[in-house]
Amino acid sequence: IAASQPSTNWHVKENARDHHTSKFSSRELIVRRGQAFVITFNGAEEAEQNLTFIVETGPKPSKQTRTQAIFGISSTVSKESWSAVLQSTSSNSVSISISSPPNAVIGRYKLSVQSDSSSSASLGTFVLLFNPWSSGDDVFMPSKAECEEYVLEEFGIIFAGNKNHISSFGWNFGQFQADILDICLSMLDRSLSYRQDPITDASHRNDPKYLGRVLSAMVNANDDQGVVLGNWSGNYEGGKSPSSWTGSGEILQSWKKSGFRPVRYGQCWVFAAVLTTVLRCLGIPTRTITNFSSAHDADGNLRVDEFYDASGNHLNRAADSIWNFHVWNESWFTRSDLGPSYSGWQILDATPQEESEGIYQCGPASRKAIKEGDVELDYDCPFVFAEVNADCMYWNYDTSTGKKTLIFSQSTTIGQAISTKAVGRDDRVDVTNDYKYEEGSKKERDIFKKARKKLGLEDKFDPTAPTQQEIEQKPDVSGKFKVAGPLQIGKDLDLILVLANLQSDAKTVHINMTAWSTVYTRRPVHGIWKDSISVTLSPKEEKQFPIKIPYTEYQQQLTTDNTIQVTALCHVEGGIQVLVQRDIALDNPTIDIQVLGEAKVNREVDVEVIFTNPIDTEVTDCVLQVEGSDLLRGILEIDVPPLKAGENSSTKFKLIPFEAGPKHLLVNFSCDKFANIKTFKMVNVTE
């Protein structure tokens with residue numbers, strides 16, 4: 001090889017097409033493991049047969065840690081190791097096809113070449129990723145449509161609200177945006193595992209189980225100065241409200257630009273969306289999952305305790321909680337550590353809820369293990385099992401004496417309508433049956449008992465548990481809140497409390513009612529309203545009590561989650577207390593997007609966003625935020641003039657799409673009275 005630096009043609013376009021990496025906006029070669037790529041370089045005048053190639057990654061490359069390989073030219077591709085096959089030669093250049101093994105360490109590699117008569121010369125660098133299209137890879141996904149959705153799709157839909165009222169919003173994962181791959185690789189180099197032992201950490205980067213767990217820790221800021229700082233207080237000063245983000249790109253870019261200082265603030269869907277971006281970027285098929293009525297079982301007893309005072313206020317005194325919804329991830333890979341039946345979707349959760357092995361990380365927990373109650377298997381199965389299966393206990397707590405009495409217990413409320421986006425469509429798919437057997441069936445109860453037994457909860461006396469007598473006591477009265485009007489911000493909230501006497505003698509009931517604004521975790525933030533009434537119900541009588549909470553009373557108190565918890569604690573004379581409760585998610589007004597004309601690559605197209613102010617006061621501080629992969633770079637922010645009561649606004653802007661295909665435009669509108677009104681629109685871009 002000539003002493004001068006050889007020049008390398010990486011055939012970036014052709015290789016990227018073969019390796020499903022064309023969407024990366026990088027000049028560097030990005031390829032997937034277990035598959036050949038072709039390069040051409042000049043300066044190899046001597047016998048091509050004597051060329052030796054060296055690939056190296058990580059801080060101290062070595063053969064032992066499989067972070068270095070040295071290989072000559074062979075006639076066939078090796079399945080077990082790196083190999084090179086000669087494609088063609090001309091007077092001064094050589095084309096070589098290089099293949100990596102399907103279990104190679106992923107990351108950025110240096111490639112060098114040497115011949116008998118010279119020292120090695122660098123050919124440059126390339127990045128190696130996981131390969132879900134290759135049957136030898138741990139992340140192999142047989143369905144091409146699923147590979148497209150879970151690795152290549154940059155748009156997602158996240159489900160929120162509550163189980164009675166599921167809402168959704170779009171998200172721009174943006175895993176192929178400029179610089180995102182480099183940020184993902186630098187996340188790996190900033191993890192605690194890497195800081196403690198860089199050589200061992202780099203050698204484990206062939207394993208999706210390992211990387212999934214490490215990244216579930218790195219996406220939250222706890223322990224390691226990771227990407228996003230969580231905040232569930234309802235007060236987001238000093239940062240951006242978690243509901244205001246519309247994509248991961250801005251978050252990851254801010255993290256890097258600030259010198260890797262945690263980005264303020266996130267809640268569960270932000271952690272899950274960022275982890276989806278990072279794992280899809282690295283080639284691990286990943287999706288977001290929303291669990292409604294999600295248990296946060298802090299003490300590991302598969303039971304969640306909630307406490308209420310005599311006035312019906314939800315007390316914030318237990319570490320346990322039941323969230324209206326919680327969002328986590330599923331990633332697709334094999335579990336060689338557990339056996340083939342536990343392969344497939346694995347649960348990872350980057351939201352910092354409980355420590356695992358001393359740091360805030362969670363998973364991978366095999367979804368199959370959760371369904372079968374195999375909670376002893378790695379990693380963090382008891383916590384995830386509780387999220388979808390825990391029993392709930394509702395207690396009355398006397399704040400002066402500290403005495404608690406059980407109001408009632410429920411075993412069917414937790415883990416409902418578990419949801420994810422459909423493959424190739426903007427629809428919701430319910431995956432509850434993949435997490436558990438039918439609620440209330442014998443099989444489901446048997447699995448719950450099996451899990452309790454494996455956790456050693458069956459034999460242990462639990463002084464905090466209710467007695468059998470307490471659990472079996474029957475109330476004399478039943479109650480529920482019915483919605484009697486629109487659940488919209490800007491409108492009064494109309495409810496009906498329905499009480500029924502279940503007995504054949506009259507009952508006198510004293511009812512204490514409260515309404516609080518909450519965060520989506522059902523943490524009470526501001527008291528909105530309270531009232532108390534006493535009634536006598538004749539035998540078997542049902543009575544209805546209308547309740548009106550005016551917009552003017554709740555408007556100032558609402559959090560950006562737009563949720564209100566209404567509670568009625570009914571003290572029945574001579575009987576046990578009855579708790580009636582409802583979590584209300586209020587809808588924002590709607591906005592409308594119109595694409596005016598046809599969207600074509602590299603041609604301007606006009607877009608109009610229309611908003612009508614639905615309330616009878618002026619709204620001010622109006623801002624429109626727009627983003628969408630392949631439609632515009634970065635985020636467009638437009639200030640919108642104030643709107644009088646009932647007034648319409650039309651905001652126009654131009655897009656120049658730079659990629660053909662179905663693309664999604666995401667819009668977020670905020671003003672002083674409404675936070676984060678979101679919508680998205682599919683835009684079909686043609687060549």
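**Stop 1: a hairpin**

Select Thr89 and Val94. Val94, in strand 7, is the bridge partner of Thr89. Strands here are DSSP runs of E with at least two residues, helices are runs of H or I with at least four, and both are numbered from the N terminus. Now widen the selection to strand 6 (residues 83-89) and strand 7 (residues 93-99), which pair in the antiparallel sense over six bridges. Two strands pair if DSSP finds at least two bridges between them. Strand 6 and strand 7 form a hairpin, with three residues between them.

Before moving on, note that this is a predicted model, where local features need pLDDT of at least 70, side-chain atom pairs count only at pLDDT 80 or more, and totals for chains, interfaces and linings use all residues. Residues are numbered from 1 along each chain as its sequence is written, and side-chain values use heavy atoms, with hydrogens and water left out.

**Stop 2**

Zoom in on strand 4 (residues 52-56). Five bridges join strand 4 to strand 5, and the two run antiparallel. Phe53 stands opposite Phe71 in strand 5. In a regular strand, side chains alternate between the two faces of the sheet.

**Stop 2: Asn15**

Select Asn15, in helix 1 (residues 12-18). Is Asn15 buried or exposed? Asn15 is buried, with a relative accessible area of 4%. Buried means under 20% relative accessible area, exposed means over 50%, and partly exposed is in between (1.4 Å probe, protein chains only). Show the side chain. One of its polar atoms lies 2.8 Å from the backbone oxygen of Val38. Asn15 touches Trp10, Leu29, Val31, Phe37 and Val38, leaving out residues up to four places away in sequence. Contact means heavy atoms within 4.5 Å.

**Stop 3: helix 6**

Select residues 208-218, which make up helix 6. Ten of its eleven residues are buried, so helix 6 is largely enclosed by the rest of the structure. Among the buried ones are Leu211, Arg213 and Met218. What do the buried residues pack against? Their neighbours include helix 3 (180-189), helix 7 (248-257), helix 8 (268-282) and strand 17 (321-333). Then pick Asp207. Asp207 caps the N-terminal end of helix 6, with a side-chain oxygen 2.9 Å from the backbone nitrogen of Lys209.

**Stop 5**

Two packed helices are described by the angle between their axes and the distance between the axes. Select helix 3 and helix 8. Their axes come within 10 Å and cross at roughly 100°. That makes helix 3 roughly perpendicular to helix 8. By angle, under 35 degrees counts as roughly parallel, over 145 as roughly antiparallel, 65 to 115 as roughly perpendicular and the rest as oblique. The contact residues include Ile180 and Cys184 of helix 3, and Thr277 and Cys281 of helix 8.

Helix 7 and helix 8 pack at about 85°, with axes 10 Å apart. They are therefore roughly perpendicular to each other. Ser248, Ile251 and Leu252 in helix 7 meet Val270, Ala273, Val274 and Thr277 in helix 8.

**Stop 6**

Select Arg264 and Tyr265. A cis peptide bond joins them, with omega about 5°. Tyr265 sits in strand 13 (residues 263-266). Then select Ser293, in strand 14 (residues 286-296). Ser293 is not a glycine, yet its phi is positive, at about 55°. Ser293 is also buried, at 9% relative accessible area.

**Last stop: Ile370**

Select Ile370, in helix 9 (residues 367-372). Ile370 counts as buried, at 0% relative accessibility. Ile370 touches Tyr435, and its other contacts include Ile347 and Phe385.

Notes: Polar contact = N/O pair within 3.5 Å; in protein donor to acceptor, adjacent residues only side chain to side chain. Axes fitted to C-alpha atoms, helices over the stretch in contact; angles between N-to-C directions.
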